[in-house]
Amino acid sequence: MLLCVHFDGLTIAALSCLSIKIHPESRLSGRLDKSMSDQTTTTVKRQSLHGQWSTRMAFILAVTGSAVGLGNIWKFPYIAGENGGGAFVLIYLLCVFVVGLPIMMSEILIGRRGRRNPVMTMKIVGEEEGRSRNWALVGIMGIIAGVLILSFYSVIAGWAMSYVFMTAGGTFVDTDASQVKSTFELLSGSWKLTAFWHTFFIVITVVVVAQGVQRGLERLVRILMPALLVLLLLLLVFSMNSGYFGQAVEFMFRPNFSALTPSGVLIALGHAFFTLSLGMGAVMAYGAYLPEGTSITSTSVIVVLADTGIALLAGLIIFPVVFANNLQSDAGPGLIFQTLPLAFGHMPGGVFFGTMFFVLLSFAAWTSSIGMIEPAVAWMTESKGIKRAVAASILGGFTWLIGFGTVFSWSLWKEKTFFQGTFFDNIDYLISNIALPLGGLMITIFAGWVMCRNSTSDELNCGTGLMYKSWRFLARYIAPIAVILVLIEAASGGIVSDYLSTIGN
Ligand code: PHE
């Protein structure tokens, strides 16, 4: 048990889980939280400096808006294709539910506890628990990761936006696979065109973030997320009638473990983090604006289910088109840009549906990109006193510049490959597969081991029964061990699976 009293920067930690938390940086609501029956927890709650989500639904939509994006529709199908389908999908699902879900709950609960940007939140909550303020480093790492993700994300989102106009203009009507491929290569190979759309996307992201996340984002996601779902379902009907649906289902759901490599397992784990926006503080920043009393558990379950459902839906839409047209399932980042236009080019109302699809994909990317720089913007405004609009613009400019590394990856620097491949391949690999899992590992260790039982059960608000125990077990043991094993497996080129197979024999 731990007694934590914070006052004017003074931290006194003693034995007992009676916690009275008054932090100098706190804006106090003045409301005393309930006392727990067996231990007295008197927690004076902080309030966010940026307001709160208007309803629980607004929060669910915002986190879903951040989670559902290019990761689900562009990235998931192409990495599933590159890594052999079924077995990869299975590992990915396992990572999402066993590692992703408890870490999402951890991020939200830490965020709401601290009610500040991830850097300050980790510092404040760490101190409150009588531990080091250096946990702030996790927040700083997240801020850097977020900026780097946006730098390449906006390039791909830019392509999606340019496809809106191409599809609407009838570019893909009655075309064949090779024409669609060369159209994509023309766009990605032109650094000027790609840079134009990259710039545009950064600008619209900065505009929303500058307005403040709730005001800017709430309005946006409320309409867009349901519309995206409806359109995906319509496209699913088209794919189901393509004659190749069964083959796609088999490809995605029949596990063939011989096609799975150690690095495939790491990619599946990395993608679980990427697609759920975990490990870099986006969800923590959103959690800071979550009203008291909103259930973190059910909210997280809804978001994880929605995100996973949309990724699987995207796969079930794209792979029938791949098989029907004899395309390569391992075509890489260009996969959706080379498959879907073919489908749109040949279906009734294709110009309309295709245009709508790329509009909604661009919007989905937009609502995700906001979460990437929100932690950094919140940090600059809260800690450095910089105005929101100025902070958003500075960060946007910086991200824009770094983005040119990705812009050139398909044109000027196409041949300049190192380590994992092009500049884009490397930045994506390092962030998705290393930085996000590492950030997630720190976050789950923080929630599971650094925060005392009372603080987490108070925040999760689900008592100390089975639900709480399950979360705590996953957060303390399963998620950290899984992340560590997968990182060791990938770094060593398969030491863990070699060891497991020797045990099996
Ligand atoms: N989850 C988003 C997607 O799947 C990407 C993202 C990563 C968003 C990290 C915010 C933070 O597209």
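1. S277 is found in the loop between α10 and α11 (282–287); helices here are DSSP runs of H or I with at least four residues, and strands are E runs of at least two, numbered from the N terminus. The phi angle of S277 is near 60°, a positive value in a residue other than glycine. S277 counts as buried because 30 C-beta neighbours lie inside 10 Å (20 or more other C-beta atoms within 10 Å give buried, 12 or fewer exposed, and counts in between partly exposed, with C-beta atoms placed from the backbone).

2. The model is predicted: local features need pLDDT of at least 70 and side-chain atom pairs pLDDT 80 or more, whereas totals for chains, interfaces and linings use all residues. Residues are numbered from 1 along each chain as its sequence is written.

3. The secondary structure of the chain comprises 19 helices and five strands. Of its 505 residues, 53% are buried. Among contacts between residues at least 6 apart in sequence, 79% join residues at least 24 apart; a contact requires C-beta atoms, placed from the backbone, within 7 Å.

4. How do the axes of α10 and helix α18 cross? The axes of α10 and α18 (residues 466–492) come within 8 Å and cross at roughly 140°, the axes being lines fitted to C-alpha atoms over the stretch in contact, with angles from 0 to 180 degrees between N-to-C directions. That angle makes α10 oblique to α18 (under 35 degrees is roughly parallel, over 145 roughly antiparallel, 65 to 115 roughly perpendicular, and the rest oblique). The crossing is left-handed, meaning that the near helix is turned anticlockwise from the far one by less than a right angle, while clockwise gives right-handed. P262, S263, V265, L266 and L269 in α10 meet V483, V486, E489 and A490 in α18. This contact has seven nonpolar, one polar and one charged residues.

5. The axes of helix α7 (residues 191–211) and α14 come within 9 Å and cross at roughly 60°, so α7 is oblique to α14. This crossing is right-handed. On the α7 side the contact uses I204, T205, V208 and V209, and on the α14 side W366, S369, I370, I373, E374 and V377. Seven of the contact residues are nonpolar, two polar and one charged.

6. I373, in helix α14, is buried, with 27 other C-beta atoms within 10 Å. Leaving aside residues up to four places away in sequence, I373 touches G146, V147, L150, T205, V209, A392, L395 and T399. I373 and G396 are 23 residues apart in sequence, with a C-alpha to C-alpha distance of 8.3 Å.

7. Is F419 buried or exposed? F419 is exposed, because 9 other C-beta atoms lie within 10 Å. F419 lies in the loop between α15 (388–407) and α16 (423–450), and its phi is near 45°, a positive value in a residue other than glycine.

Note on methods. Two residues are in contact if their C-beta atoms, placed from the backbone, lie within 7 Å. Ala, Val, Leu, Ile, Met, Phe, Trp, Tyr, Cys and Pro count as nonpolar, Asp, Glu, Lys and Arg as charged, and the others, Gly among them, as polar.
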